[in-house]
Amino acid sequence: STTTTTTVPVVIIGAGQAGLSVAYHLKRFGLTAGRDFVVFDRGVEAGGAWQYRWESLRLGAAHRVNDLPGLSELGLSFETADRSRPARDVVTEYYRRFEEHFELNVVRPVAVDSVFNRRADLVVRTSSPAFGDRETLAGLLVNATGTWGAPFIPHYPGAASFTGRQLHTNGFVDAAEFAGQRVVVVGGGTSAIGFLLELDGVAASLTWASRRPVDWVHTEHLDLEGASAAVAMQDEAARAGRALPSIVSGTGVPVSRRIQAGIDRGLLVERPMFAAIEPTGVRWPNGTFTEADAIIWATGFRPELRHLAPLKLRDKAGGLVVGAGSSWTDPRIFLAGYGPQASTIGARRAGRVIARQVIALL
Ligand code: FAD
């Protein structure tokens with residue numbers, strides 16, 4: 001075969017907040033990027049999944065974006081970043097400068113297609129338009145692949161018959177695409193609310209459906225660190241190997257001034273879910289019908305773990321058994337940014353916790 005094989009002690013998959021935080025701490029512990037560990041990322045640019053977010057999304061629109069560890073060394077902080085610029089541009093720029101400053105040598109674009117066992121090694125199989133197909137043999141693996149690549153859309157009868165456009169949060173580009181259209185937005189989180197606010201006055205009509213009543217919280221910012229109950233729920237599920245609950249189900253949605261204005265003018269009033277989808281719209285449980293040209297599913301994400309399937313880490317309970325970022329099924333595997341760590345503050349903390357465990361095993 002023409003597959004190139006190399007060996008490296010530690011492979012990190014993903015250069016988002018979680019993967020970069022781990023890499024930063026491994027460096028601080030004296031490891032060298034490229035020799036002792038390698039970071040693969042599928043994206044063409046720095047920024048993790050932020051590089052794919054829609055242009056109109058601004059920093060601080062929903063949650064706080066925590067700094068990477070060591071970012072202040074570069075004189076940078078998201079706290080003081082320019083909020084008039086698209087979040088994706090700011091994050092991409094800051095992460096790029098961070099990677100350069102700490103010489104993390106992220107290898108991109110490289111997609112990890114699968115990870116499997118071959119004798120004592122973990123084999124990381126990758127493909128890349130730049131580097132071709134490769135195999136990397138690793139002793140330890142840090143999976144930091146986030147959720148962006150695993151959109152979740154709940155099943156509703158008739159979905160396949162809909163003749164309009166259906167898209168998920170990860171396919172949203174610009175409100176202008178929906179000019180003059182009748183749009184149904186599904187979801188009870190900050191993405192759904194953000195879309196409704198942007199589409200107001202652009203779409204011909206807007207209908208909002210949520211699977212559960214929105215739990216409004218009257219604070220300006222959702223502090224994921226303060227939302228310890230939601231994080232504890234995630235942690236409990238991860239340790240029990242269950243599928244992860246939605247974060248919003250634990251934190252509620254903070255009511256900013258912009259959101260309050262939307263509630264006051266009757267825009268942000270959700271309906272309980274429709275019962276079925278028909279070719280030209282949605283049918284409600286009481287039999288009434290709403291015509292729609294587009295359905296936007298702002299229904300969240302799941303951890304992206306497809307490439308780990310050959311390792312058979314999934315528990316009977318439906319999830320992975322993970323505590324403090326470490327797989328309890330296979331001690332060579334770490335999951336950075338998974339479950340309770342799936343926020344920029346959680347991912348930042350994960351870096352230190354996981355790097356310390358990695359160093360102990362090397
Ligand atoms: P990501 O940033 O998703 O990074 C994962 C990286 O892994 C990506 O670069 C991806 O390309 C790469 N990757 C994935 N699979 C593979 C593979 N098989 N091979 C190679 N590379 C791969 N959190 C906050 O704290 N504050 C916020 O304001 C906030 N806003 C958000 C807004 C939206 C719309 C969404 C969807 C999420 C938001 N979050 C926010 C949550 C946020 O995603 C996380 O906090 C954090 O950015 C995730 O970091 P990460 O490193 O785990 O994942």
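Predicted model: local features only at pLDDT ≥ 70, side-chain atom pairs only at ≥ 80, totals over all residues.
1. Nonpolar cores. The largest nonpolar core has 68 residues. Those with the most contacts inside it are I12, L26, F37, F78, V142, L199 and I296. Apart from this core lies another, of 24 residues, which includes I13, A138, L308 and V322.

2. Surroundings of F37. Residues up to four places away in sequence being left out, F37 touches V8, V10 and I12, then A23, L26, K27, L31 and T32. Two of these partners, I12 and L26, are also listed with F37 among the residues with the most contacts inside the largest core.

3. Geometry of α1 and α2. Helix α1 covers residues 17–28 and helix α2 residues 87–101. Their axes come within 11 Å and cross at roughly 20°. An angle under 35 degrees counts as roughly parallel, and α1 and α2 are therefore roughly parallel to each other. Their crossing is left-handed.

4. Residues in the helix contact. On the α1 side the contact is made by Q17, L20 and Y24, and on the α2 side by Y95, F98 and E99. By class, four of the residues are nonpolar, one is polar and one is charged.

5. Residue N66. N66 sits in the loop between β2 (37–40) and α2. Is N66 buried or exposed? The relative accessibility of N66 is 17%, and buried means under 20%, so N66 counts as buried. Neighbours within four places in sequence aside, N66 is in contact with Q17, F78, T344, I345 and R348. Of these, Q17 also takes part in the contact of α1 with α2, and F78 is listed among the residues with the most contacts inside the largest core.

Note on methods
Residues numbered from 1 in each chain as written. Heavy atoms only, no water. Core = buried A, V, L, I, M, F, W, Y, C linked by side-chain atoms within 4.5 Å. Buried < 20%, exposed > 50% of the residue type's maximum accessible area, 1.4 Å probe, protein only. Contact = heavy atoms within 4.5 Å. Axes fitted to C-alpha atoms, helices over the stretch in contact; angles between N-to-C directions. Helix = DSSP H or I, 4+ residues; strand = E, 2+ residues; numbered from the N terminus. Parallel < 35°, antiparallel > 145°, perpendicular 65-115°, else oblique. Left-handed = near helix turned anticlockwise from the far one by under 90°. Nonpolar A, V, L, I, M, F, W, Y, C, P; charged D, E, K, R; others polar.
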